[in-house]
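Subject: Structure for your files

Hello,

Here is the structure I promised to pass on. My notes on it follow below.

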Amino acid sequence: MSDFGHQLNCRKRKLKNDTEDEQISDSKSNSNDDTTTSMILDSTYAPRQPPPSISTDAARAVWPSEPSPKRPRVDTHNLQSFKTHRRSARTPSSPLTSPWRSFKSRPDPHCTAIDCPPLPVHPPVDLSSPHIPAMHPLINRQTLKELDLDSILRNPQLRHDLLFDAGLQFRPTSGRRKRDLSDKYWSAIAQELQTGCTCVSFDLQWKPHDLLCVCAQGPIPQVPSLTYCSPRRALTLRMPSRIRPLLTEFLEVLLFVIQPLTSICGTYANPATLQTQIEQHAAQAAHLRSLFDPELIQQELHHELFDPSGLFIVIGHTLKSHCAPMRDRLVDAMVEAAKACAPGCGGSKADAVKAVRMCLDILELMKLDIANHQLQTLRPFLIETAGQYELKAFKGRKGAGASLDLTRKWIRTAYHHLMSSSHPIPILLPHPSHPSNTITLNYRQLPQTQQIYLSVLKALTDLVFEPPCGPSPTPVPHSHSLQRERVSKSSIPYLPLYPETTYLDGARLLVLSGEAADATAMYMFLLLFRQLAFSDPDPNSCGDPGLKVVVTDVQLASLKKEIRDISSGHLGHCFAQAKGDGDGERWARIREDIVLQIAMRAKEARSSSTPSSSFPRTQNPESASASETGSDPQPQSRVLASAPDERMLKLAERWSDTNMRPNSPLSSLLRKRIRDVVFNQVVALTFPSASSRDSDMGTNTNMSLGKSLNLKSLVPPSALSSGMEPLADEIRLLSERLSRLAHIHLGVYLPLYEQDEFSTSVFSDLESCS
């Protein structure tokens, strides 16, 4: 290791002399090729001022901003190549090969010299386009700062999501888009190391085009430059070098990850207890900075002298002292890839790029491990302070004099509905205050705090079943059931028609609305099945008076599964307010398939003599498997026997066209039935017990946030109306999730709703009318 350090010190001593020699070489090259350079890089034809159509902050493209007279054609085949950075006298004489050889700029071997007249049109250049490789690696200081402890503690969405999922963890961002962007970036790095080319070509519509290299025109520019290639009618964008930004960002990310205590020292921990670790991390960072000199490494790349093996050995030892043991195998693989790039080992530039890319991936995983550990360690503190922090964040987000008109109107509507209802609110589940009896609540006789509490429960239930923007047309995954990828304040969904106090629960409310729409659609399809099974579609037929149709729970459960399989699980699409042409046609085909399946099952239920013989293919797995394998002696006759007749099928299709649409009278009626049942279950699961109601509810602002509610109670049969018995599981799950959301929401915003200014504006006018 001492020899390696001596080698680095010797290389540093050459830095100044090499820089001076290169400046002399550049001046000679510029004097020899002055005529050529003036013809190709004339500022008249390539001004440095970009037009206002460029949409980027990182760099500026170069093209003519004003019409200019056409210049004569320049034959670039006979021009002397533009010399850059190196002299042949300084070419190393060592016979050992290096993977970093041939870094100097040269034209792509597959491209010929091209004519570059002025651009016919000034097209806008968007350097953030996915077709243009980024200037910096996707794993950088800016993206990793989102995982800092300070960012976590100041992120209201993350702290809110932690209340729903105790095991919430970060994970690396994944997806096809990120993989494509990352692959393009590292391919651009490898291309620049091999040929020195930083070009990327497009057609006139800014679609990817075969590469037309223009590197022979001059050195790599400091800002993006655009060239028009008239023979191919293509544009070539020449980007600045990405090597130096990569080296600088790589070093800063490495130092940022191995010093995790700098961001929390003095704020969230006692500095005295961490002083020893802080000093150790600072010493390691100073040692790495002394070894990793981006300017020196870039110069060694130009002279084909850089050997990354020794540097990555030191980096590997440092990472192993910080990372979890499960990451040691990745660190070893990174070091081996770097060792393959040593002179005489047969490594390639691809191996060197792979080592750098692997190191950045490891640094991201280490930062995620640190963030997950801090998140779990501070979880009790985050839950304890959740109510006060979210309310403070909400007031800071909306401002002191912000309008809460949507929230007032939302709660006022629910309050008016409860006050105008003549029926008491039943609590049909065993309640802590009355464990053995069913109780009812007279809303008019309750104190104002409890009225506010029940009004919010009613308002949340109505918001789920009657969302302002309609049910979600596509299924949205549960945010609390997935590991969180990257969290930022900009990731909070913006739902302008929803109440202001629900801004952190926008995604969950959309999910619950989709589940409510699915339950309503399933309720309607099961109702159609019952009507077809118990009624005779032929009005002229007398029927068999002795025939008694019986539909069992097993048959209904089997039909529910078949309907979900046909529809891919999202039945509520038929109630979406806005659908594209493609989605509408797809849903129409799915609906026809479901109606056909229901009609077939209704025909089987009517034609069966006993309940046990209904749905023979579903109830008998052996016969079903025999039919699938072809061993069933009469599979065709079995299918034809259960096929519905034309009259029944047409009746079912007319019923579906009339009722399976948004805001149909039947769908509205059935949705209200399910809503009332869910509201009763939410009240039973969420409303405080008698002991809690006797105390001042306003003094307990946290209301046990983050603690699990007793949500294991099943929906009793008496709680369901006739025909909703097969939906007991769907109603129970929906009630549990909505109760959880309501419990946390009230724990945060109940003090706001109880304030005199808010409560007076919501309840005063209605109380006077009543």
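On one side of helix α11, Arg329 and Glu336 are exposed (over 50% relative accessible area; buried is under 20% and partly exposed in between, with a 1.4 Å probe and protein chains only). Val331, Met334, Val335, Ala337 and Ala338 of α11 are buried. Seen down the axis of α11, the buried residues fall within an arc of 160°, so they line one face of the helix (the arc is taken from the directions from the helix axis to the C-beta atoms). They pack against α10 (308-320) and α12 (349-377), where contact means heavy atoms within 4.5 Å. Helices here are DSSP runs (H or I, at least four residues), numbered from the N terminus.

This is a predicted model: local features need pLDDT of at least 70 and side-chain atom pairs count only at pLDDT 80 or more, while totals for chains, interfaces and linings use all residues. Residues are numbered from 1 along each chain as its sequence is written, and side-chain values use heavy atoms, with hydrogens and water left out.

The largest nonpolar core has 94 residues (a set of buried Ala, Val, Leu, Ile, Met, Phe, Trp, Tyr and Cys residues joined through side-chain atoms within 4.5 Å). Helix α17 (residues 506-534) gives the most to this core, 16 residues. A second, separate core of 58 residues includes Val335 and Leu368.

Serine 664 lies in the loop between α23 (646-659) and α24 (665-686). Its relative accessibility is 0%, so serine 664 counts as buried.

Regards

Methods
Helices (H or I, at least four residues) and strands (E, at least two) are DSSP runs, numbered from the N terminus.
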